[in-house]
Amino acid sequence: MRSSWPVLVSGEQLKTAFALDAVLNEVMFVSGPLIVSGLMPFASPNAAVVFAACSTTAGVLLLLTVSLPAPTGERAERHFLGPLSHGQVRVLLGIVVCDTVAYGGMVVAIAAPAGGDGSGGSSGVLLSVLSLGAVISALIYGARERKGRPGLQLALYHAASAALLVISAQVSHLVWAGLVLLLVGMVGGRRDTLHQVVLGEAAPEEYRTEAFAWMSTFMWGGYALGSSLSGQLVGADDGSHTWAFAAAAAAAALAAVVSLLVRPAPATTGVAEQASAGEDQREIL
């Protein structure tokens with residue numbers, strides 16, 4: 001689905017499309033568990049599984065209705081590593097791992113202050129606040145013109161996330177924790193949108209679908225690693241969230257450093273326009 005956006009829209013609309021994609025992902029992560037929780041008092045767990053299957057089927061059928069243009073021109077000879085043969089794609093996937101290690105660790109760590117406050121169910125509220133921040137920031141970012149170097153922007157967003165996660169490690173009151181996590185989400189929505197845009201620009205057209213598939217693989221791998229590490233740290237620290245948040249902050253800080261290796265996409269449009277102008281001048285002469 002993500003690889004289809006650059007085919008359907010272009011220019012600044014592409015950034016808006018990726019922002020909408022990020023918003024919908026956040027909404028799904030929040031609404032899915034809420035729907036399942038709503039079904040539990042009235043139906044068996046099997047009903048939730050059936051609902052998930054129906055949702056997936058409906059999504060696939062909608063995807064089949066999208067008409068995409070057939071590829072044109074001759075395809076270049078495939079490298080056996082596919083998109084992984086391109087340095088910028090590898091850099092961006094490395095950032096994805098660091099980012100999702102931080103996110104997976106943060107999700108587990110969020111449950112610790114909620115449980116310590118005597119209201120374990122409030123962890124769901126904190127996660128909803130986190131997603132709300134991401135939804136708001138992604139919508140705002142998608143509606144504005146993109147400026148500046150993407151690598152530097154990604155580095156700043158990840159550095160801000162790391163700083164906020166360090167603050168989260170020191171916060172135990174739920175109200176303050178919710179405020180900090182809202183800010184984490186506000187940073188995350190912009191960061192995730194920009195990351196998708198940059199990956200779509202960096203991946204060669206013939207490898208774009210595969211590059212986004214690798215992105216999903218690296219995301220879930222990082223999420224699993226971060227969740228496992230955070231769970232071990234919370235258990236070893238008698239249920240405290242301090243070290244779990246600290247580890248998530250360290251992963252975000254590493255993502256900030258790696259982001260400095262991201263280079264802007266080649267300005268192919270500008271080169272083409274210059275070449276066209278040169279041809280027009282030659283015709284006039």
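**A salt-bridge network and its setting**

Mentor: Asp 99 and Arg 191 are both buried (buried means under 20% relative accessible area, exposed over 50%, and partly exposed in between, with a 1.4 Å probe and protein chains only). The model is predicted, so local features need pLDDT of at least 70 and side-chain atom pairs count only at pLDDT 80 or more, while totals for chains, interfaces and linings use all residues. Residues are numbered from 1 along each chain as its sequence is written, and side-chain values use heavy atoms, with hydrogens and water left out.

Asp 99 and Arg 191 are joined by a salt bridge, with 3.4 Å between their closest N and O atoms (a salt bridge is a side-chain nitrogen of Lys or Arg within 4 Å of a carboxyl oxygen of Asp or Glu). This pair connects distant parts of the chain, since Asp 99 belongs to helix H4 and Arg 191 to helix H7 (residues 174-202), 92 residues apart. Helices (H or I, at least four residues) and strands (E, at least two) are DSSP runs, numbered from the N terminus. Arg 191 also forms a salt bridge with Asp 192, at 3.2 Å from N to O. Arg 191 counts as buried because its relative accessibility is 9%, whereas Asp 192, at 23%, counts as partly exposed. Through shared partners, Asp 99, Arg 191 and Asp 192 form one network of salt bridges. The count of salt bridges comes to two.

A polar atom of its side chain is 3.3 Å from the backbone oxygen of Met 219. Beyond its neighbours within four places in sequence, Thr 100 is in contact with Phe 218, Met 219, Gly 222 and Tyr 223 (contact means heavy atoms within 4.5 Å).

Ser 230 is located in helix H8 (residues 208-236). Its relative accessible area is 2%, so Ser 230 is buried. With residues up to four places away in sequence excluded, Ser 230 touches Gly 105, Val 108, Ala 109 and Ala 244.

A helix pair extends the picture. Helix H6 (residues 150-169) packs against helix H9 (residues 242-259) at an angle of about 170°, the axes being 8 Å apart. Therefore H6 is roughly antiparallel to H9. Axes are lines fitted to C-alpha atoms, for helices over the stretch in contact, and angles run from 0 to 180 degrees between N-to-C directions. Angles under 35 degrees count as roughly parallel, over 145 as roughly antiparallel, 65 to 115 as roughly perpendicular, and the rest as oblique. Among the residues that meet are Leu 154, His 158 and Leu 165 in H6, and Phe 245, Ala 249 and Ser 259 in H9. The residues of this contact comprise 15 nonpolar, six polar and no charged (Ala, Val, Leu, Ile, Met, Phe, Trp, Tyr, Cys and Pro count as nonpolar, Asp, Glu, Lys and Arg as charged, and the others, Gly among them, as polar).

For the chain as a whole, there are 10 helices and zero strands. Of its 285 residues, 37% count as buried. Among contacts with a separation of 6 or more, 80% involve residues 24 or more positions apart.

Methods
A polar contact is a pair of N or O atoms within 3.5 Å; within protein, one must be able to donate a hydrogen and the other to accept it, and residues adjacent in sequence count only if both atoms are side-chain atoms.
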